[in-house]
Every structure is written in C-alpha cells, then in structure tokens.
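Okay, thanks for making time, everyone.

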Amino acid sequence: MGPGPSDLYPEVMTALGLPGVGHLDPVFIELMDSIKAAQRAAFQTESAHSFTISAPASAAMEAAIANLVEPGDEVLVCINGVFGGRMAEMARRHGAKVHKLGFDWGQPVAPEKVEDMLRQHPSTNLVAFVHAETSTGVRSDAEAISAVAREHDCLTLMDTVTGLGGIPVAMDEWELDVVFSGSQKCLSCVPGVAPLMVSEKARERIRSRRSPPVSWFLDLQLLAGYWEGNGRRAYHHTAPVSAMYAWHAALARLLEEGLEAAWNRHRKLSDELGRQLAKLGLERVVDPAWALPQLTVVGVPDDCADEAAVRSRLLSEFGLEIGAGLGDWAGNVWRIGLMGHSCRKENVGRCISALAAVLGRPQPKDEAAA
C-alpha cells in the first residue's frame, strides 16, 4: 500500500505463466495489436499512435523528451514534485533551453502561471507537466493546462504514471499531444512496460526533426517499424514477451471493470481511508480538491519520534508497506497507496488496524473486526 508497485491482479499472475513465444511470432504480433487498441481505450483516444516501451515509465518519459526535443528548443516544465524535476533534467540533457515553473509541494500546477510563463517566453514549443504527482499525491488540471499550451502553439507532454486507471485521463477530449504512464500503479501489473501515446500533431513534429534523437533505442520512428508496421514488423529489439502478456491482462481487467467503475472504486475507498485515518489523528496534507484518491498523503504525527521505525514495523510485523515522504516532505509525511488490486475494502481495514497498533492508538471500531 505504498506509492507503487501495487499488488498484482490474479489475471496478471496467470498471464506471467503463459508459454513464451518469439517477439515476431504472429501470435505476439496479434497481442501487440490488441495492446495498442486497449491502450487507446484506457487513455480515451481514437487517434493517438499507441506504443508500449519495453522499460519502466521513466524510459517512456525519456522517449517522449528525446523525440520531441531538439538542441536549442525552448521547453516549459512545470514542477510541483519530484517527477516534474526529473522531466526538466531530461530535457536539459537533451539540449533544451528549459524554463522551470515551480510550485510549492502539495499544490497543483496553476494554468494561469503557465500562461504568464509562455507570454514571457514566446519561443517555447513544448509544455511538460505531471498529471498525478506521485511524490505529493496531487492532481493537476490537465485540460486547462493543455488549453493554455494550445493558445501559444505549444505541444503538451503529460506524465500520468499514477493517474491512469485511478482518475480520468481523456487524451482526445483534453487535446493532449504526448501522454505516458506505467504498468505497476493503478493497473496492478509488473513493472517494466510503459504505454506511450502520441498525437498525429506530435508525430509530425517527430518526423520533421532536423536530426534523429540521440537515443537509438527510444527513437519512435524506429519503434514505429515494430509497433506500426503494415503487415510486416521490422525487428527493433527483443520485447519482454511475458511482461507484455501481463500488461495485456492488466488492461483487459481495467476495461472489463469499466473506466468509470474503476475511478469510482478508487474514490470511494479513498474517502473511507481518509475518514478512518482521521480517527487515528492522521490528517491529509493535500487540499481535497486536488488530492489523488489512489495516493493519500498524511502528515507524520507530532508524537511520532521516528517515522522510519513506524514504516519498518508495519512491514516486519504486519506485512504492510507504505511510502515515505520525498524531497521537501522527506520525514514529514507518509504516502499510502490504494491502487488497482490494492484498492480493496479489506486493505483499508488492515492498514488502519496496523497503524493503530504501531502508533499505540485505540482501534477504530469499524476496523477492529477487520
């Protein structure tokens, strides 16, 4: 019950045991096509080019930047946590002139501040931001940020690693250009594969680059030969076949449940978790208007002398993992995940019961029986 990875769905574990096939086997090519279609449904897009990067989400982030950014490009990166900072550093390493727009931890990206920055830097051609910031448990208004970027003729790059499957992600409706996520959060798959969706407008920019990306492996023009070949697929790399089977199963599970049902499940159980945490004297540190339901961030209580010892006891005595604070919040908060298969009512009870025992607080009546 930390900020990811989450518990694996049973269907994912079953898929991992399927017989291996070659990465150009017709059966696997069919699976790739099915994955592409399922990703379009999950991201709510009909037009985007659908890739799955054979690596964790950090590689999807770098693939997006490596393909969109050329040396000398001006890029605006919104930073309200760790992962916005990571995008800024990647863009810098790829030769961009990076304009950093920072926000206090626990706050969403403010579209009006994006507007101000783009007016100050009219040559900017890309706006990058995090939709669901894993380090703070904050959601930003992707639709509003995208609208501002379009007004200034900028492409948008959105990280929704913790968002997909837990809150709405509407790529077409919000008119986003490049969006990526990960497998191990709200879709409860193994880490190691990452969906990357690219609009036609963004593909045109990639096709018209003055020079190829510095990364051969993450070059989307080359990857397109493998993922989008018409009838024939060009060999690019040996895909992680078993992980792709698992990813296909995770996507199928999400779509079988239904996107809205999955969002509602995360919201309902997050509300219950928040109520029970409050009974233990643990308060959320993020404004409810922007708090992620799949990742609850609470302040470490004043009477807790060693927050790391609490987390250690939760793991050793109760088999329960919760996350520590990062960056500005290191040592001051706990990050409690309700993601995918981990987002179950019995887990709310287990978490509250274990925290009460370790903190020496009375067991809330609802959870004592759980």
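Before the first pair, some bookkeeping on axes: they are lines fitted to C-alpha atoms, for helices over the stretch in contact, and angles run from 0 to 180 degrees between N-to-C directions. Helices here are DSSP runs of H or I with at least four residues, strands are runs of E with at least two, and both are numbered from the N terminus. Now, this is a predicted model, where local features need pLDDT of at least 70 and side-chain atom pairs count only at pLDDT 80 or more, while totals for chains, interfaces and linings use all residues. Residues are numbered from 1 along each chain as its sequence is written, and side-chain values use heavy atoms, with hydrogens and water left out.

So, helices α5 (residues 111-120) and α6 (residues 142-151): their axes are 9 Å apart, at an angle of about 20°. That makes α5 roughly parallel to α6; the cut-offs are under 35 degrees for roughly parallel, over 145 for roughly antiparallel, 65 to 115 for roughly perpendicular, and oblique for the rest. The crossing is right-handed, meaning the near helix is turned clockwise from the far one by less than a right angle, with anticlockwise being left-handed. Who touches whom, with contact meaning heavy atoms within 4.5 Å? From α5 we have Pro-111, Val-114, Glu-115 and Leu-118, and they meet Ala-144, Ile-145, Val-148, Ala-149 and Glu-151 of α6. That contact has seven nonpolar, two charged and no polar residues. For the classes, Ala, Val, Leu, Ile, Met, Phe, Trp, Tyr, Cys and Pro are nonpolar, Asp, Glu, Lys and Arg are charged, and the others, Gly among them, are polar.

Next pair: α2 (residues 26-42) against α10, at about 40° with axes 10 Å apart. That makes α2 oblique to α10, and the crossing is left-handed. Among the residues meeting there are Phe-28 and Leu-31 in α2 and Trp-247 and Leu-251 in α10. By class it's 14 nonpolar, three polar and no charged.

On to the cores. A nonpolar core is a set of buried Ala, Val, Leu, Ile, Met, Phe, Trp, Tyr and Cys residues joined through side-chain atoms within 4.5 Å, and buried means under 20% relative accessible area, exposed over 50%, partly exposed in between, with a 1.4 Å probe and protein chains only. The largest core has 95 residues, and Val-114 is one of those with the most contacts inside it. Helix α10 (residues 241-257) gives the most to this core, 10 residues. Our friend Val-114 touches Leu-76, Cys-78, Leu-101, Val-109, Val-127 and Val-148, not counting residues up to four places away in sequence. A second, separate core of 25 residues includes Leu-280 and Ile-336.

Now the loops. Gln-294 sits between α11 (259-279) and β10 (295-299). Buried or exposed? Buried, with a relative accessible area of 0%. Beyond four places in sequence, the residues Gln-294 touches include His-266, Ile-336 and Met-339.

His-341 is in the loop between β12 (333-337) and α13 (345-359), and at 14% relative accessibility His-341 counts as buried too. With neighbours within four places set aside, the contacts of His-341 include Asp-7, Tyr-9 and Ser-188.

Last one: Glu-260, in helix α11, counts as exposed at 57% relative accessibility. Glu-260 and Pro-168 are 92 residues apart in sequence, but 7.9 Å apart in space, C-alpha to C-alpha.

Notes: Contact = heavy atoms within 4.5 Å.
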